[in-house]
Amino acid sequence: MAVFYIDVVQEQVTASDVTLYTAPSTSNFESAHIIYANCANESATDTELTINIVQSGGAVAVTNRYLPPKTIFAGRTDPLTPIVGRAIKTGDFISSIASLANNLNLSLTIKEIYTDT
C-alpha cells in the first residue's frame, strides 16, 4: 500500500463554483480521505462558504452539499469539521463556492491510498 498526502489550497475562494480536487482514476487507486480542512476569512465582511462532494459523473447540486452554506465570520478561522473524514472514491470531486469573492482562504489536506499493484 502507498499513501500520499495532497495539500489543496484555494486562496481567495471565488463566487463561482470551482473544482478543488478530483480523485484519481488510476487502476491502483483505492480511496482518498479529507484529513484536514480549514477556512480563514481575512476580510471585514462575514462570508458564506459551500463545499460539495460530487460522485463520479455527477454535477454540483444542492443534493451533494456536504458543507451547506456556512458563515465564516470576518477575521475568523473555521476548522470545517463536518467534512473531515469524508471518503472520496475514483472520479469523485470536491468543489467550493463563496457568497462573496476574494474574502476566504481555504486549505484541505487529502490522504490518497493506493494498492501496491
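**Entry 1: Asp78**

I began with Asp78, which counts as buried because its relative accessible area is 17%. My cut-offs: buried means under 20% relative accessible area, exposed means over 50%, and partly exposed is what lies in between, with a 1.4 Å probe and protein chains only. The model is a predicted one, where local features need pLDDT of at least 70, side-chain atom pairs count only at pLDDT 80 or more, and totals for chains, interfaces and linings use all residues. Residues are numbered from 1 along each chain as its sequence is written, and side-chain values use heavy atoms, with hydrogens and water left out.

Next I looked up where Asp78 sits, and found it in strand 6 (residues 77–78). Strands here are DSSP runs of E with at least two residues, and helices are runs of H or I with at least four; both are numbered from the N terminus.

What does Asp78 touch, leaving out residues up to four places away in sequence? I noted Ala37, Asn38, Cys39, Lys70 and Ile72. A contact means heavy atoms within 4.5 Å. I also checked Asn38 by C-alpha atoms: Asp78 and Asn38 are 40 residues apart in sequence, yet 5.8 Å apart in space.

**Entry 2: the salt bridge**

How many salt bridges does the structure hold? I found 1. The term asks for a side-chain nitrogen of Lys or Arg within 4 Å of a carboxyl oxygen of Asp or Glu. Here the side chains of Lys70 and Asp78 meet, at 3.3 Å from N to O. I wrote the background idea beside it: side chains of opposite charge can pair when their charged atoms come close. Lys70 has 26% relative accessibility, so I put it down as partly exposed.

I then went through the pairings of strand 3 (29–41). Two strands pair if DSSP finds at least two bridges between them. A reminder to myself: strands of a sheet pair through backbone hydrogen bonds, either parallel or antiparallel.

- With strand 9, strand 3 pairs in the antiparallel sense over 11 bridges; Asn38 stands opposite Ser107 there.
- With strand 7, strand 3 has 2 bridges, again antiparallel, and His33 stands opposite Ala87.
- With strand 6, strand 3 has 2 bridges and runs antiparallel; Ala40 has Thr77 as its bridge partner.

I zoomed in on one pair: strand 4 (residues 47–54) is joined to strand 5 by 5 bridges and the two run antiparallel. Thr47 has Ile72 as its bridge partner in strand 5.

Lys89 lies in the loop between strand 7 (87–88) and strand 8 (93–98). I listed Lys89 as partly exposed because its relative accessible area is 46%. Leaving aside neighbours within four places in sequence, Lys89 is in contact with Ala23, Phe29, Glu30 and Ser31.

Then I checked phi. Leu80 is not a glycine, but has a positive phi of about 50°. I found Leu80 in the loop between strand 6 and strand 7, and it is buried, at 0%. Asn102 has a positive phi too, near 70°, and is also a residue other than glycine. Asn102 lies in the loop between strand 8 and strand 9 (104–114) and is partly exposed at 46%.

**Entry 3: a nonpolar patch**

Met1, Val3, Tyr5, Ile35 and Tyr36 make a nonpolar patch of about 530 Å². Strand 1 (2–11) and strand 3 are the elements that give two or more residues to it. Patches are made of residues with over 30% relative accessible area and no salt bridge; nonpolar side chains (Val, Leu, Ile, Met, Phe, Trp, Tyr) are joined within 5 Å, like charges within 9 Å. The areas come from the Shrake-Rupley method with a 1.4 Å probe, and for residues only the protein chains shown count as cover.

Is Met1 buried or exposed? Exposed, because its relative accessibility is 65%. Met1 lies in the segment before strand 1.
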